[in-house]
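Subject: Structure handover

Hello,

Here is the structure I promised to pass on. Please open it alongside this email, and then read on for what turned up.

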Amino acid sequence: MPRFFTVAVDEKKAVLTGPDAAHITKSLRMHAGEELIVCDCAGNDYLCTIESVGETVVAKVLQKQPCQSEPSLRLRLFQALPKGDKMEWITQKAVELGVSEIIPVLTERCISRPDGPSMRKKAARYQKIAEEAAKQSGRGIIPRFGELVTLQEAVDAMIQDQLAIVCYERGGKSLSELVDGQERTGSVLIGSEGGFAQEEIHLMAAAGVQVAGLGPRILRCETAPLCAVSLLMFLTGNL
């Protein structure tokens, strides 16, 4: 069933405009009486029946319920900037797997170092990818793609969560040692192609970030986040 996000929804009515209305009217060619699902961007699903289509689509709410696909773990992915279009892949798949937010991080070994205007343009693209992935995978929220932060800023944010982990290519504790399954908030940091400098790992460990490994093999920077997110979702009963 088609799925759309809007804040213009209450217990009785949902209103869709802009690209979503155009998609319903022109691409899907939906008509009055057909059903769709509207999400309020806060984790609630509304089963609706269309009343009218056009530049504005108005739908009657039939039923409201919490989105069943949202994980109990609010997991933020902090990703050191990779080269090329790898962030597009990471964003799409991380949203499908259940992350609540993706925050790009500039670390010592990042090869990609875009200027402000360039990064803002990229971020808008990644946010659109996150939205499309959220629709496709049945999410109840649209995960946010955040602003580029420094490593110190990332660490300061991560240690506010119940679980704060950095995945290090030279190894560390297994994720199963660090997770008890009861966590409700967590952050995981993944390096870029060059990994992390030892000084960065020391800084993070001193601040309280747990250092973890992902097995004996070296994973690419676009593979590691998906592996880590999948494992954390599994260990907390969300996969």
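Let me start with one residue. Leu219 has a relative accessible area of 31%, so it counts as partly exposed. Bear in mind that this is a predicted model.

Leu219 sits in the loop between S12 and H7. Beyond its neighbours up to four places away in sequence, Leu219 touches Leu214, Ala224 and Cys227. Glu169 is 50 residues from Leu219 in sequence, yet their C-alpha atoms are 7.8 Å apart in space.

Glu222 is in that loop too, which runs between strand S12 (210-212) and helix H7 (224-235). Is Glu222 buried or exposed? Its relative accessible area is 17%, so Glu222 is buried. The cut-off for buried is under 20%. Glu222 touches Lys86, Trp89 and Ile90, with residues up to four places away in sequence not counted.

The overall picture

Now the whole chain. The protein has 7 helices and 12 strands. Its C-alpha atoms fill a box of roughly 60 × 40 × 30 Å along the principal axes. The radius of gyration is 20 Å. A compact globule of 239 residues would have a value near 18 Å, so the two agree.

Of the 239 residues, 48% count as buried. The exposed surface comes to about 11700 Å², and carbon and sulfur atoms supply 51% of that. Take the contacts between residues at least 6 apart in sequence: 72% of them join residues at least 24 apart.

On charge, there are 27 positive and 30 negative side chains. The centres of the two sets lie 3 Å apart.

The aromatic pair

How many aromatic pairs are there? The count comes to 1. The rings belong to Tyr126 and Phe145, with centres 4.9 Å apart and planes at 50°, so the pair is tilted. The pair links distant parts of the chain. Tyr126 is in helix H3 (residues 116-137), and Phe145 is in strand S8 (residues 144-145), 19 residues away. Both Tyr126 and Phe145 are buried.

Lys135 is also placed in helix H3. Is this lysine buried or exposed? Lys135 has a relative accessible area of 15%, so it is buried. Leaving out residues up to four places away in sequence, Lys135 touches Arg3, Phe5 and Asp20.

Ile50 lies in strand S4. Its relative accessible area is 3%, so Ile50 is buried. Which residues does Ile50 contact, neighbours within four places in sequence aside? They are Ile24, Met30, His31, Ala32, Gly33, Glu34, Leu36, Val57, Val58 and Ala59. Look at Ala32 in particular: Ile50 and Ala32 are 18 residues apart along the chain, and their C-alpha atoms are separated by 4.7 Å.

Ser100 lies in the loop between helix H2 (86-97) and strand S7 (101-106). With a relative accessible area of 13%, Ser100 is buried. Setting aside neighbours within four places in sequence, Ser100 is in contact with Arg74, Leu75, Arg76, Arg139, Ile141, Pro143 and Arg144.

Positive phi values

Two loop residues deserve a look at the backbone. Arg29 has phi near 50°, a positive value in a residue other than glycine. Arg29 is in the loop between helix H1 (18-27) and strand S3 (35-39). Its relative accessibility is 60%, so Arg29 counts as exposed.

Cys41 is not a glycine either, and its phi is positive at about 70°. Cys41 lies in the loop between S3 and strand S4 (44-52). At 32% relative accessibility, Cys41 counts as partly exposed. The partly exposed class falls between the buried limit of 20% and the exposed limit of 50%.

That is the handover.

Best wishes

Technical notes
Residues numbered from 1 in each chain as written. Predicted model: local features only at pLDDT ≥ 70, side-chain atom pairs only at ≥ 80, totals over all residues. Heavy atoms only, no water. Helix = DSSP H or I, 4+ residues; strand = E, 2+ residues; numbered from the N terminus. Rg over C-alpha atoms; globule rule 2.2 N^0.38 Å. Buried < 20%, exposed > 50% of the residue type's maximum accessible area, 1.4 Å probe, protein only. Contact = heavy atoms within 4.5 Å. Areas by Shrake-Rupley, 256 points an atom, 1.4 Å probe, with all protein chains shown as cover. Lys, Arg positive; Asp, Glu negative; His and termini not counted. Charge placed at Lys NZ, Arg CZ, Asp CG, Glu CD. Phe/Tyr/Trp six-rings, centres within 6.5 Å; stacked < 30°, edge-to-face > 60°.
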